[in-house]
Amino acid sequence: MSRLPGALARLPLPIIGAPLFIISNPKLVIAQCKAGVVGAMPALNARPASQLDEWLAEITETLAAHDRAHPESPAAPFAINQIVHKSNDRLEHDLEVCARYKVPMVITSLGARTDVNEAVHAWGGVVMHDIINNAFAHKAIEKGADGLIAVAAGAGGHAGTKSPFALIQEIREWFDGPVALSGAIASGGAVLAAQAMGADFAYIGSAFIATEEARAAEAYKQAIVDGNSDDIVYSNLFTGVHGNYLKPSIRAAGLDPDNLPESDPSKMNFGGDAKKAWKDIWGCGQGIGAITKVVPAAELVARLKREYDAATARLLG
């Protein structure tokens, strides 16, 4: 059994909603947390930077009001994703804003940094760092992260190539802290399977794109509903880091998804230029065959809970 910090120990359903670049917003985060799963968004989604303060005020005040009205079913904690790569010139500002609101969880990406972890710990927050292999997992924990998000093959957006079976097994040989598994998880049965492998949580992103609260184009949501794993391509063209994307959006940009050029990783960019250049390229994971309609986030979580309970019951006979 993992050592889980208080922010993660009392979730009614073991799910962390992945922070979705451009798409996640306070409305989605609040809906996720009220439904009992960790809601998350990238700090960089708030533009201009001053908007982050407004968004965190909205999230914290709304969830506090919910908890006062529903003490029997308090909201799950929320998380803010920080890109710690050198191209993110907002990191210091965004961390200061998170500190003012004592954000319960920070998800760090693209580089493990001791100073960032120490800053989050200073206000009592928990740091989960996303990794794509065991070597990066070791570095993250050595630099002070509390837990890991194992981004396995099939995950949406920036994803690794490791089988989830191999990745979780290798991590659990040495680490007994909190671990979330990402990669093609879009059903309650898959959530239970993640736990059976040794993860504490499922990390779900693409399924939440096809929700009413998500700030995504309707065509994007419909492409997820209509698509399956054959509609996903793995490329580093758009940010310099390999990730999974929907083929229809690549075709719409005038590119052939089956013959994409390689990008120079040294030029990866996660600031405004990247957002403008590729704003209509749609990140997505391979699990979308389980998504059959656009629904409110609460309805998606309710389905996952029903399926999770049914899968558990089947295993218990």
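**Exercise 1: the cysteines**

Cys33 counts as buried, at 0% relative accessibility (buried is under 20% relative accessible area, exposed over 50%, partly exposed in between; 1.4 Å probe, protein chains only). Before going on, note that this is a predicted model, where local features need pLDDT of at least 70, side-chain atom pairs count only at pLDDT 80 or more, and totals for chains, interfaces and linings use all residues. Residues are numbered from 1 along each chain as its sequence is written, and side-chain values use heavy atoms, with hydrogens and water left out.

Task: work out how many disulfides the whole structure has.

- Step 1: search the whole structure, and you get zero disulfides.
- Step 2: check Cys33, whose nearest cysteine sulfur, that of Cys98, is 14 Å away.
- Step 3: look at Cys284 too, which is buried with a relative accessible area of 0%.

**Exercise 2: the sides of H5**

Task: find which residues of helix H5 (residues 114-122) are buried, and what they pack against. Helices (H or I, at least four residues) and strands (E, at least two) are DSSP runs, numbered from the N terminus.

- Step 1: pick out the buried ones: Val116, Asn117 and Val120.
- Step 2: they sit on the same side of H5, because they cover an arc of only 100 degrees around the axis (taken from the directions from the helix axis to the C-beta atoms).
- Step 3: list the packing partners of the buried residues: H4 (91-101), S4 (105-109), S5 (126-131) and H6 (134-142), with contact meaning heavy atoms within 4.5 Å.

Definitions and conventions: Disulfide = S-S within 2.5 Å.
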